Amino acid sequence: MKNKNDNFIFLVINPLAGGTDKKNEKYIIKEYIENKGYNFVYYETTGNKEEPSDETEIKKLYTKYKPKKVVIGGGDGTIKFVFETLFKEDIIFGILPMGSANGLAKDLDLPNDLETCLEIALQDNFKEVDSISINKMKSFHLSDLGLNAELIKNYHDSKIHGKLGYFLQMFPTILENKEPFNATISTPDTQIETQAKVILIANSSKYGTGVVVNPLGKVDDDVFEIVIFRSLELSLILKILFGNLPLEDDAIEIIRTKKALIQTDYPISFQIDGEFCGEVKQLDIEMEKQKIKIATPKLTSNTRK
């Protein structure tokens, strides 16, 4: 017997995801859900951290309506925020990739077409995706220390957003960031000391650009990878940008684990799932026991029993 809330959708949209107004997309989404006969409650994120904050309002609406599905329209940062806000709830999340970077959506084989993503989001097939705790914050996709986090910081500080904004910040960031940093990486099985330009904590395989930076990555394999880029010479950057990560390169090392401690010799720029988190000298990293249910295409999903 179906619960009365099985036909109720909680829709959370970031109206400025990707640096562009989402008026047209909002119309398509609402019309599609209404035409399918669903009841729904709609919330637009504001970016407010002071009360009434997005977190408070989303929790309040969830508690009031108890939906079985939450559909998120936005980029990786919006998706991470809603996942983390409702982390303890038994929900199937649907993703509508609408950001500058949609890396998690690409790893889940979600298409670019909005209506197709809506169709996927509203059915009952899902994949149980791993979650990682990093300094008590949640990561579901890719986090890192170093050059890429610095790029994300510069992107957020710039006036031009969207994919063009990332492109415009890429080369100035590379040119300004010259020296590698020292890091000690400890896991239950090993400890290494290394220099690095980027240390990636990866639950999946690729950035939102589609570039594969962790060929071993799977979103549901109960481990994460630490990918160490000891240098980022132009030749290596071009290999990564126009192909896959060259595992045979001595400048790259991958460690697979469930738990790790990373310590650096001075504070390094750090980002989680596309959101800049400041500078840190230590990361405590551990797999979470709980997973997130995400609606996925039928050929790559588990079916809800």
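Predicted model: local features only at pLDDT ≥ 70, side-chain atom pairs only at ≥ 80, totals over all residues.

Biologist: What percentage of the 305 residues is buried?

Modeller: A residue is called buried when its relative accessible area is under 20%. In this protein, 52% of the 305 residues are buried. The accessible surface amounts to about 15100 Å², and carbon and sulfur atoms contribute 50% of that area.

Biologist: Which share of the contacts with a separation of 6 or more joins residues 24 or more positions apart?

Modeller: That share is 70% in this protein.

Biologist: Let us take a single residue. Where is T45 found, and is T45 buried or exposed?

Modeller: T45 lies in the loop between β2 (39–44) and α2 (54–65). With a relative accessible area of 13%, T45 is buried, because the limit for that class is 20%.

Biologist: Which residues is T45 in contact with, leaving aside neighbours within four places in sequence?

Modeller: They are V12, I13, N14, P15 and D54.

Biologist: Which residues form the negative surface patch?

Modeller: The patch consists of E31, E34, D113 and E115. D113 is placed in the loop between α4 (103–107) and α5 (114–122). Its relative accessibility is 41%, so D113 counts as partly exposed, a class that runs between the 20% limit for buried and the 50% limit for exposed residues.

Key: Residues numbered from 1 in each chain as written. Heavy atoms only, no water. Patch = residues over 30% accessible without salt bridge, like charges linked within 9 Å, V, L, I, M, F, W, Y side chains within 5 Å. Areas by Shrake-Rupley, 256 points an atom, 1.4 Å probe, with all protein chains shown as cover. Salt bridge = Lys/Arg side-chain N within 4 Å of Asp/Glu carboxyl O. Lys, Arg positive; Asp, Glu negative; His and termini not counted. Charge placed at Lys NZ, Arg CZ, Asp CG, Glu CD. Helix = DSSP H or I, 4+ residues; strand = E, 2+ residues; numbered from the N terminus. Buried < 20%, exposed > 50% of the residue type's maximum accessible area, 1.4 Å probe, protein only. Contact = heavy atoms within 4.5 Å.
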